Amino acid sequence: MQRVCRRLLSREDFFHCCRSNRRFFSSLAEREDASSLHDNAVLPKMPPFDYSPPPYTGPSAAEILQKRKEFLSPSMFCFYEKPLNVVDGKKQYLFDEDGRRYLDAFGGIATVCCGHCHPEVVEAIISQTKRLQHSTVLYLNNAIADFAEALASKLPGDLKVVFFTNSGTEANELAMMIARLYTGNHDIISIRNAYHGNAAGTMGATAQSNWKFNVIQSGVHHAMNPDQYRGIFGSDGEKYAKDVQDMIDYGTCGRVAAFISEAIQGVGGIMELAPGYLPAVYSSIKKAGGLCIADEVQSGFARTGNHFWGFEAHGVVPDIVTMAKGIGNGLPIGAVVTTPEIAQVLTQRSYFNTFGGNPVCTAGGHAVLQVLEKEKLQENALIVGSYLKDRLKSLQEKHEIIGDVRGRGLMLGVELVTDRQLKTPAKAEILHVMDQMKEMGVLVGKGGFFGNVFRITPPLCFTKEDADFFFDVMDYSMSKM
Ligand SMILES: Cc1ncc(COP(=O)(O)O)c(C=O)c1O
């Protein structure tokens with residue numbers, strides 16, 4: 001029956017048919033059969049998965065899009081020519097309104113480890129919600145204290161005091177304020193191509209013209225990006241670090257309160273800072289009386305495989321670490337962790353955050369940490385991530401359009417260029433490949449200054465079979481360019 005459908009229907013008709021016969025065609029519309037949408041070539045097969053989502057009876061993608069246009073911010077954007085209505089999730093998979101399954105190779109940044117709807121995290125959230133949800137301040141509650149203790153145990157040195165927030169933006173805003181209060185200095189140095197959040201201060205520290213609004217931020221300075229692919233010093237981190245020292249020596253940056261950076265720029269296109277850069281910069285900043293802030297919103301929580309935190313690969317210990325996204329496997333929670341001495345500075349005045357660290361989010365966050373350890377997901381990120389990276393490197397030899405393959409663990413980037421010598425960003429091509437991959441059942445992210453870098457950041461339960469499927473689909477899409 002499936003074969004007959006494939007032969008008789010055009011690609012559009014096939015999907016139209018799937019939509020109007022949702023239940024009947026749901027499994028048929030999965031990747032296993034999406035091969036019918038293309039010519040007779042043998043298409044990659046999605047690994048089997050024993051789960052069917054409940055029927056979806058809500059509004060269609062088109063109806064949601066219409067409402068979104070009318071009632072939501074015009075600045076909101078969606079991936080894909082035809083935006084996807086995802087209605088269910090399980091582990092590393094998402095399901096659309098027709099029950100079609102997709103391999104989620106991007107959403108892991110938000111649902112770090114356990115994958116979508118991990119039963120133990122869901123259970124922790126439900127049982128705390130049934131018992132009590134309240135603000136963080138005023139009364140005692142064990143959930144926040146237990147999670148803070150567990151989190152502090154994952155950090156090196158004297159990084160033991162946790163301030164919970166509701167997002168990564170809030171965490172970075174707080175970290176910069178703490179640094180300013182502690183040092184008595186005002187200026188902040190961040191790196192070009194970084195992303196640190198969407199409020200005034202973090203927007204200032206965000207040095208990406210695509211994301212930064214031109215709102216006035218005094219005392220924020222953007223240092224040369226130690227970009228190993230496009231940067232003028234290649235992988236020589238110490239040479240880029242000299243730019244920060246120069247800002248201090250020539251007084252262009254005033255008195256430094258803090259230096260803030262990601263270890264691997266996420267939104268910036270999975271760009272790992274050149275080796276040697278962070279130790280040299282941290283040393284310059286400390287000598288100048290500033291603090292070093294590590295933004296681990298994307299690279300934290302075991303994603304990079306060989307370490308729990310991204311900064312650890314650079315052999316440095318920050319004064320302040322910020323985190324969000326994966327910390328709660330999708331819950332709105334973030335955190336700032338610092339030393340008892342630095343934390344003391346917030347006692348000068350009243351400081352509180354109504355919901356940062358509320359019982360429900362901290363119960364969920366604690367469950368995430370436990371699942372990470374129980375399911376050995378850091379180890380998995382290392383094994384599967386290294387395997388996929390090796391395979392992608394081999395793909396680079398086959399497809400001229402791949403200019404660079406980089407990253408660590410399950411935080412990988414594939415940069416597309418139309419000319420390897422000139423490194424001309426393949427902006428249109430990446431959109432085409434991304435759409436083709438979606439048609440074949442793979443969702444992947446995109447980023448970088450020019451928007452030409454695939455961001456591969458799946459849930460950490462991603463398997464080698466998923467990696468093979470991902471590879472095959474990317475290979476097929478590029479071969480058909
Ligand atoms: C490295 C980094 N820092 C901070 C943020 C801001 O986090 P949020 O969107 O939770 O405010 C992001 C978001 O993408 C990020 O990637």
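In which helix does E173 lie? E173 lies in helix 8, where helices (H or I, at least four residues) and strands (E, at least two) are DSSP runs numbered from the N terminus.

## About the model

This is a predicted model, in which local features need pLDDT of at least 70 and side-chain atom pairs count only at pLDDT 80 or more, while totals for chains, interfaces and linings use all residues. Residues are numbered from 1 along each chain as its sequence is written, and side-chain values use heavy atoms, with hydrogens and water left out.

## The ligand and its shell

The ligand is surrounded by 13 residues, a residue being counted as near a molecule or strand if one of its heavy atoms lies within 4 Å of it. The closest of them are G168, T169, D295, Q298 and K325. By class, the shell has three nonpolar, seven polar and three charged residues; here Ala, Val, Leu, Ile, Met, Phe, Trp, Tyr, Cys and Pro count as nonpolar, Asp, Glu, Lys and Arg as charged, and the others, Gly among them, as polar. Helix 8 (residues 168–183) supplies the largest share of this shell, with three residues.

A polar backbone atom of G168 is 2.9 Å from an oxygen atom of the ligand. From the side chains, a polar atom of Q298 lies 2.8 Å from an oxygen atom of the ligand, and an N or O atom of K325 is 2.8 Å from an oxygen atom of the ligand. Of the 390 Å² of accessible area that the ligand has on its own, the protein covers 85%; such areas come from the Shrake-Rupley method with a 1.4 Å probe, and for residues only the protein chains shown count as cover.

E173, in helix 8, counts as partly exposed because its relative accessibility is 26%; buried means under 20% relative accessible area, exposed over 50%, and partly exposed in between (1.4 Å probe, protein chains only). Although E173 and V336 are 163 residues apart along the chain, their C-alpha atoms are separated by 9.8 Å.

T165 has its place in strand 4 (residues 161–165), and at 1% relative accessibility T165 counts as buried. A polar atom of the T165 side chain lies 3.0 Å from the backbone oxygen of S167.

## Helix 6 and what follows

Helix 6 (residues 119–131) has 13 residues, which at 1.5 Å a residue should span 18 Å, and its end C-alpha atoms are 18 Å apart, in agreement with that value; the expected span is 1.5 Å times one less than the number of residues. The buried residues of helix 6 are V121, A124 and Q128. They cover an arc of only 60 degrees around the axis, and therefore sit on the same side of helix 6, the arc being that of the directions from the helix axis to the C-beta atoms. An α-helix has 3.6 residues a turn, so residues three or four places apart point the same way. On the other side of helix 6, P119 and K130 are exposed.

The loop between helix 6 and helix 7 holds L138, which has a positive phi of about 80 degrees although it is not a glycine. L138 counts as exposed, at 70% relative accessibility. A152, found in helix 7 (residues 142–152), counts as buried at 8% relative accessibility. A152 and V162 are 10 residues apart in sequence, and 7.2 Å separates them in space, C-alpha to C-alpha.

Where is N329 found? N329 is in the loop between strand 11 (320–323) and strand 12 (334–338). N329 has a positive phi of about 50 degrees although it is not a glycine, and with a relative accessible area of 11%, N329 is buried.

For helix 16 (residues 464–479), the 16 residues should span 22 Å at 1.5 Å a residue, which agrees with end C-alpha atoms that are 22 Å apart. The buried residues of helix 16 include D466, F469, F470, V473 and Y476.

Notes: A polar contact is a pair of N or O atoms within 3.5 Å; within protein, one must be able to donate a hydrogen and the other to accept it, and residues adjacent in sequence count only if both atoms are side-chain atoms.
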